[in-house]
Structure formats: structure tokens, C-alpha cells
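Please view the sequence and the model, then read the points grouped by topic below.

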Amino acid sequence: MASTDLTVLEDGGRTRDYGPPRLIFELTNICNLHCSYCLRDEDALYHTRAEFFSLELFDRILKEAREAMGITHVMFTGGETTLHPKFREVIETVAAHGLKCSFVTNGWHFERVWPAISANRNVVTHVAFSLDGATREAHDRWRGADSFVRLVRAFSRCQHEQLPFVIKSVLRKDTLPQLEQMAIFGARMGASALNFGHLLPTSSGFATGPAAASGQTSASTSSRNADPTVSLRLLCIDNLLEYGGDHTGIRDWGLGIGN
Ligand SMILES: C[S@@+](CC[C@H](N)C(=O)[O-])C[C@H]1O[C@@H](n2cnc3c(N)ncnc32)[C@H](O)[C@@H]1O
Ligand code: SF4
């Protein structure tokens, strides 16, 4: 793996160096998609009042965190980050504090928020896009029709405008056999990193199966079946990553946190 900078801990152990402290904000609890494996609470996403992080509170936290912790970077997650009605003001607040930011998104609304990003190019370091498969069929199976096409459009926008972007994928039994293809696809689209997240348990158990067999993501398809083969197959992943990293052109591989 490329990112092997290690920091020595007080007890002599070593850990990867993640750089200066960063703050992660959940900008909103709502989402326009409905991925059945999503770790976010169903009620929060779809059945409770939409909440959007208050700009005033955001401003205050940035000020205090900067003074107290010396943060330099802010990351946004959700829900779907781009649904915040004051997305532009959020970025401008980051700029006003002299900080940088990045956000993770499903990409659906990327064209709509592009002007806000474009106007703050020196503030947004990169965008992280979630990818659930190497093909339209595989990705849309989780994220719904047209998700893949919109994602590709967003990739193209970033590449054309030279805004760095990374791809985030979840390790599931359906994504493991596609990792190499996903890496090659990402590299061809111009991604500068491919980050993997372990599948986290949801409130209904572990989501390891393609739940939306109908081709649409749906609340009613929560077949969150545990799959004991996943952990075994994860043992093989390092080799696959090394192999994929040799010829895809992707510079950074790793089991990533954050954006
Ligand atoms: C919760 S989403 C929020 C941002 C945005 N809506 C998106 O999908 O990119 C953030 C990331 O968490 C991942 N994720 C969702 N459910 C997960 C789970 N059960 N385990 C691990 N990662 C998960 C998504 O694939 C996405 O990359
Ligand atoms: S797009 Fe993101 S927040 Fe929305 S359901 Fe999918 S993983 Fe969850």
C-alpha cells in the first residue's frame, strides 16, 4: 500500500499518520437515495424531521476547534451532504476561518452544487464519491436507477475542472470480486485514491447482501443477512490491493476513514 507513513505511539506501538486533527460534521440526517446497507438510521433518514446543521453553530465550533485543537481541515458527511440548503454558505464559512474542507457524497446532486464548489476551489481540497460496483448494474442495484450515470458525470466534471476526487467503497461480498475492476474504472475516470470501508453493522444486523434485488434501492428490502465468508475473504484483500495498485495508476490505497 502506498500510504505507509507511521507514527510511533507513546507505548512503542505504531499507527498510520492521519495528519492534523480534522472535524467531521454530519451536515444533515436526510438522503435522496435509499441504500439498504446504509448504517444511518432509517427513521432519521426518512421518517423524522429533516435536520440541517446550523450555520451559526458551525461557525462557533470552527472558531473554538481551531483555537483549541489547531484543526486545518473539516470533513462533511450525512445523510446526503449536498442536500444542505446552505451548502454554499457552509463552504464559505470554512473559507472564512482559513480552513479547508472535503465532503462525501452519492454524487446525485453534484451538478447542482458545482457552482458553490467552483466559487471556492481553494477551499475544497477534494470530493469523495461513494461507489458500490464497477458497472452501472452493480452500482445501481444498491443505489437506484441513474445513480451510476450521475456519478460518472460528476467524475467527468471533477476531472475536467481538475478537482481531485477519491472513491469510497464498502467491502461486501458483492464488492470483493469487483475490487480490481472498480480500481481500474476509478483510475480511468481520474480518481486519485480508492478508499475502502469495512462494512459496519446496521440497526437491523449486518448488511452483506445485495438487498435490492429488484434493481431499486428500497426501504422494504432490508435483507441484512450476516455472511461469515466475508471476514475470511477480507484476509486475502491485502494481496489484491497490492496487485491492483501496480497497474491501475491509483496512487493511494487503503482502508480509509473519513473522506
Ligand atoms: C453514510 S454515507 C453519507 C454520504 C453520502 N450519502 C454517500 O453515500 O456518499 C457515507 C459513507 O458511508 C458508507 N456506508 C453506508 N452504510 C455503511 C455500512 N453499513 N458500513 C460501512 N459503510 C457504510 C457509504 O457507502 C458512504 O461511502
Ligand atoms: S446515499 Fe449515503 S446516506 Fe444515503 S442511503 Fe446511501 S449510503 Fe446512506
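Helix α2 (residues 55–69) packs with helix α3 (residues 87–96) at an angle of about 20°, and their axes lie 10 Å apart. This is a predicted model, in which local features need pLDDT of at least 70 and side-chain atom pairs count only at pLDDT 80 or more, while totals for chains, interfaces and linings use all residues. Residues are numbered from 1 along each chain as its sequence is written, and chains are lettered from A and ligands numbered from 1 in the order in which they are written.

**Helix packing**

- α2 and α3 are therefore roughly parallel to each other (angles under 35 degrees).
- The crossing in which α2 passes α3 is right-handed.
- Leu55, Phe58, Asp59 and Leu62 in α2 meet Glu89, Val90 and Thr93 in α3 (C-beta atoms, placed from the backbone, within 7 Å).
- This contact of α2 with α3 comprises four nonpolar, one polar and two charged residues.

**Ligand 1**

- Ligand 1 is surrounded by 20 residues (C-beta atom, placed from the backbone, within 6 Å), and the closest are Leu39, Asn106, Ser130, Lys168 and Leu200.
- Strands β5 (100–105) and β7 (165–171) each contribute at least two residues to the shell.
- Nine residues of this shell are nonpolar, eight polar and three charged.

**Ligand 2**

- Around ligand 2 lie Cys31, Leu33, His34, Cys35, Cys38, Arg40, Gly78, Gly79, Glu80 and Asn106.
- By class, the shell around ligand 2 has four nonpolar, four polar and two charged residues.

Definitions and conventions:
Helix = DSSP H or I, 4+ residues; strand = E, 2+ residues; numbered from the N terminus. Nonpolar A, V, L, I, M, F, W, Y, C, P; charged D, E, K, R; others polar. Axes fitted to C-alpha atoms, helices over the stretch in contact; angles between N-to-C directions. Parallel < 35°, antiparallel > 145°, perpendicular 65-115°, else oblique. Left-handed = near helix turned anticlockwise from the far one by under 90°. Contact = placed C-beta atoms within 7 Å.
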